[in-house]
Amino acid sequence: MGLIMLVGQISLAAENNENDKLPPLRKLTQEQTKVAAANYKKYCVLCHGEDRQGHVNDHAPSLRSKSLFESGMPHAILRPLSYGRKGTAMGGYLDEVGGPMTLDEVWDLTYWLYEKSGVERVALTTNPVHGDIDHGKVVYEKECASCHGVSGEGVTAPALGNPSALAHNSDEFIRYAIVNGRENTPMIGWKEKLSAEDIDNVTAFIRSRASGWVDDKPVLQQLPTRDQYVINPAGEDPDFALKDGIFVSSEDLLAALQARKKMIIFDTRVTSVWQVAHIEGSFPLPYYSDFNKITKDLPKDVQIVAYCSCPRAAAEYTVEKLRKLGYRKTAVLYEGIFGWQFLGYPVTRRDIADIVD
Ligand code: HEC
Ligand code: HEC
């Protein structure tokens, strides 16, 4: 159902792009506005900031820049919001992929962000931008790699080589961002610094990094229930030596897991990414949970370790909340789950094989 509606909107947008004028978008009702604002606060403020300014955590981009909303409505907003960007801190929030929001809610939040931005859409086509990929590579390495990463993996700026982003964003959308920049962010408009030809070249180079992203329909795992918080209930306390009174290293956590110590591990990311890969035994407790509710079944004397991919923002936020509620035996995994995986430590993931089963 959800997918069908998305597809419907895509073809509508494509038709619109053939005309120069874009029709105005629907206005949210008062009730939809209220729900969207509340959803933004609950789910997005942590990284994108109270005022949608971006760069609060994890270099999450601005969600109010003029060029983004001029060129990206609705899909450059809707799709990352719905499906996330694999391998980055941006998880998917749509219920279909295991997130907390309905299809109506992700659409309304998209429109809400657009209304807040106060800009008008410009018409872009979905035509490819042609350029010389080799020349584009040279420009990229010289001008862009310092922020976006040598392989487009993202350093202080979005991962331009990210297959999810490349699958979602059209060439003209990418070029528009390069030409105009993103106002009030470190991304300058390059139209004065680079020739139009080089802008096309670098756009073509970025496009050439797309490695084909298939939007599989995930098979969702059963979430664990609250009586499953504690792993190895018969084990001993891990007795971690915490750095700065809060951080546990991946090395110490792995050793504790292998020695079957008694612990609770909370995955504090949006639940859709817990579905994709998580540290075995971890319990999904997203940063936006109602912490007062969970304390009913949560023991105070068992060591709790929280982690995220941020690498620490959501986990620190969660531990702060828990400590306020009297949970002193709480720690944050220093490296986050990407650091953990980078070290080669094991995660449980949803593989193609699982889906076929
Ligand atoms: C844990 C931090 C985090 C949270 C929470 C988060 N985001 Fe993001 N978001 C990111 C990061 C990091 C990126 C950039 C990823 C990349 O491409 O490298 C991003 C990218 C995006 C983009 C793409 C923007 C662009 O310029 O291409 C949109 C739209 C977006 N997020 C919307 C949201 C919304 C809406 C919410 C709340 C429902 C949300 N995000 C919650 C971290 C987060
Ligand atoms: C000083 C660091 C820096 C440099 C250099 C830089 N960028 Fe960026 N770029 C950013 C940041 C930060 C963002 C995200 C801005 C925001 O919305 O908050 C961004 C956003 C973008 C986006 C939009 C991505 C999206 O999903 O919305 C594109 C495309 C892009 N940059 C391409 C380039 C290219 C091509 C170059 C080189 C010609 C370049 N950038 C150089 C920092 C940089």
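Reader: What makes up the shell around ligand 2, by class?

Author: By class, that shell has 15 nonpolar, six polar and three charged residues. Please keep in mind that this is a predicted model.

Reader: How many residues surround ligand 2, and which are the closest?

Author: There are 24 residues around ligand 2, and His 55, Cys 144, Cys 147, His 148 and Met 187 are the closest. Helix 7 (133-148) and helix 9 (171-180) each supply at least two residues of this shell.

Reader: How do you know that Arg 182 has a polar contact with ligand 2?

Author: The cut-off for such a pair of N or O atoms is 3.5 Å. A polar side-chain atom of Arg 182 lies 2.8 Å from an oxygen atom of ligand 2, so the pair is within the cut-off and counts as a polar contact. Ser 62 takes part through its backbone, where a polar atom is 2.7 Å from an oxygen atom of ligand 2. His 148 has a polar side-chain atom 2.8 Å from a nitrogen atom of the ligand.

Reader: Which protein atoms are donors of the iron atom of ligand 2?

Author: They are NE2 of His 148 and SD of Met 187, lying 2.0 to 2.2 Å from the iron. Donors must be N, O or S atoms within 2.8 Å of the metal, so both atoms qualify.

Reader: Why is the arrangement around the iron atom of ligand 2 called octahedral?

Author: Six donors count as octahedral if opposite ones are over 155 degrees apart and all others between 65 and 115. Around this iron atom the six donor atoms subtend angles of 88 to 178°, which makes the arrangement octahedral. In general, the ideal angles for six octahedral donors are 90 or 180 degrees.

Reader: Now for ligand 1. Which residues come nearest to it?

Author: Of the 23 residues around ligand 1, the nearest are Cys 44, Cys 47, His 48, Arg 85 and Met 90. By class, the shell has 19 nonpolar, two polar and two charged residues. Helix 5 gives the most to this shell, with four residues.

Reader: How do you know that Arg 85 makes a polar contact with ligand 1?

Author: An N or O atom in the side chain of Arg 85 is 2.7 Å from an oxygen atom of ligand 1. Ala 159 has a backbone N or O atom 2.8 Å from an oxygen atom of the ligand.

Reader: What makes the arrangement around the iron atom of ligand 1 octahedral?

Author: The six donor atoms subtend angles of 85 to 179°, and that makes the arrangement octahedral. His 48 lies in helix 3 (residues 45-48) and Met 90 in the loop between helix 5 (75-83) and helix 6 (103-117), so the pair ties together parts that are 42 residues apart in sequence. Both residues coordinate the iron at 2.1 Å, His 48 through NE2 and Met 90 through SD.

Reader: Why is Gly 149 called buried?

Author: Its relative accessibility is 1%, so Gly 149 counts as buried. Gly 149 lies in the loop between helix 7 and helix 8 (163-168). Leaving aside neighbours within four places in sequence, Gly 149 is in contact with Tyr 140, Cys 144, Gly 154 and Val 155.

Reader: What makes Arg 269 count as buried?

Author: Arg 269 has 7% relative accessibility, so this residue counts as buried. The side chain of Arg 269 makes a polar contact with the side chain of Asp 267, at 2.8 Å.

Key. Residues numbered from 1 in each chain as written. Chains lettered and ligands numbered in written order. Predicted model: local features only at pLDDT ≥ 70, side-chain atom pairs only at ≥ 80, totals over all residues. Heavy atoms only, no water. Near = heavy atom within 4 Å. Polar contact = N/O pair within 3.5 Å; in protein donor to acceptor, adjacent residues only side chain to side chain. Nonpolar A, V, L, I, M, F, W, Y, C, P; charged D, E, K, R; others polar. Donors = N, O, S within 2.8 Å, 3.2 Å for Na, K, Ca; no water. Tetrahedral: all angles 85-135°; square planar, octahedral: opposite > 155°, others 65-115°. Buried < 20%, exposed > 50% of the residue type's maximum accessible area, 1.4 Å probe, protein only. Contact = heavy atoms within 4.5 Å.
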